[in-house]
Amino acid sequence: MNTSGFVDRRQVARRFAQVADGYDQGDFFAREIDRRMQERLDYVKLQPGRIVDLGCSRGGSFAGLGARYPEAVVLGLDRVPAMLRAEAARASAWQRWLGLGKRNEPLRLAADATRLPLAAGSVGLVWSNLLLHWLDDPLPALAEAHRALETGGLLMFSTLGPDTLRELRAAFADGYAHTQRFIDLHDLGDMLVGCGFADPVMDMEIITLTYDDVDGLFAELRAAGSSCAMKARRRGLSGRQGWLAARAAYEAMRQDGKLPATFEVIYGHAWKAAPDKLADGRAIVRLERPPKR
C-alpha cells in the first residue's frame, strides 16, 4: 500500500509544537492507550537492555517502561523538539525539587521514525504509542524498527484504524478530509511480515467517547494536537451554511443525550527473528549438533 503524499507532516509538527507546553493536560486518550499497552507486556518475556519509544511526545510511556525494566536505557524519539524540551524541563524541575540525580533518566532525541539514527541490531524493544497514523506510510517506520532491533527483540505499537472518528467524517459532505487517513489492521499485519517480522499479533478494540456538543469534541482534539493534518483538508474557514449542516448532521447521531465519537484502536506486536537469508539472497542453513549419549 502506497500512501505517500497524503499527510502534511509539517502541519503535524506545527500542531504538536503548539500544544507541547500543555500537552500533559490534553493527552488523556494517549495515556489510556499506553496503560492498555503496558498491560499487554505482562504476557511478554523480555528483558531489553535498550528501549526506544518512537513518537514519545512528552514521555507519557517513560514511567511505565522504566518501572517494568529498571535496568534498561530508555531513549525517547520525537520529530517535534518542543515536545522533548517541555518534558525535559518538567523532569529536571522535579529532580531538583526532590534532590534526585539523573540515574536512569530517559534520553531524548529529535528524530524521524522513518530514518532512525540508531545502529542496526542495537535495541531490545521498540515501543510506539499512537504514532503510525501521523505518517504518510507506516512501512518505512516499521522497516526501520526491524533494522534497529536485535535478534529476538520486540516491536510493540498502537495506532488508530479506519473506523476512528467515523461520525465526524459522515457529518461533513464538502469533499475535504476532516480526519487522518487510517490504515486497516490487516494491511498493517502484512507490512510487518513484509519487513521481516516474525509471529505478528494484531488485535483491535472500539472505544467510544461521548460529548455534550461538537465543540467539546473539537476542543479535545485540538488540545491533543490531533486536528486533521491531511493535505486534502480545508485550508480556510468552512462556509456558514456548510458548518451548520455538518453540526446538524452530527447532532442527528446523538444517543442518550450525548454525541458519540468512535476510536478504533489497533494494537500490534512482532518479534525480530534470526535471518534466514544472507544479504546476497543465499539461504542460511543452521545445523544442530546431536545430543551426546
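**Sheet and cores**

Mentor: Start with S6 and S7, which pair in the antiparallel sense over 13 bridges. Keep in mind that this is a predicted model.
Trainee: Which residue is the bridge partner of isoleucine 207 in S7?
Mentor: That's phenylalanine 263.
Trainee: OK, what's the strand order in the open sheet?
Mentor: The order is S3-S2-S1-S4-S5-S7-S6. That makes 7 strands, with mixed pairing.
Trainee: Why do S3 and S6 each have one side left without a neighbour in the sheet?
Mentor: Strand S3 (107-110) and strand S6 (197-211) stand at the edges, so each has a single partner strand.
Trainee: And how many degrees is the twist from one strand to the next?
Mentor: The twist averages 15°.
Trainee: Which helix packs on the sheet, touching S5, S6 and S7?
Mentor: Helix H7, residues 185-195. Its direction makes about 155° with that of S6.
Trainee: New topic. Which residues touch the most other members of the largest nonpolar core?
Mentor: Phe29, Ile33, Leu41 and Tyr250, out of 54 residues in that core.
Trainee: Which strand gives the largest share of this core?
Mentor: Strand S7 (residues 259-272), with 5 residues.
Trainee: What does tyrosine 250 touch, leaving out residues up to four places away in sequence?
Mentor: Its contacts include Glu167, Leu168, Ala171 and Val214. Leu217, Leu259, Pro260 and Ala261 are also among them.
Trainee: What about the second core, how many residues does it have?
Mentor: It has 30 residues and is separate. Leu54, Leu135, Ala148 and Ile266 are among them.

How values were computed
Residues numbered from 1 in each chain as written. Predicted model: local features only at pLDDT ≥ 70, side-chain atom pairs only at ≥ 80, totals over all residues. Heavy atoms only, no water. Core = buried A, V, L, I, M, F, W, Y, C linked by side-chain atoms within 4.5 Å. Buried < 20%, exposed > 50% of the residue type's maximum accessible area, 1.4 Å probe, protein only. Helix = DSSP H or I, 4+ residues; strand = E, 2+ residues; numbered from the N terminus. Contact = heavy atoms within 4.5 Å. Pairing = 2+ DSSP bridges. Axes fitted to C-alpha atoms, helices over the stretch in contact; angles between N-to-C directions.
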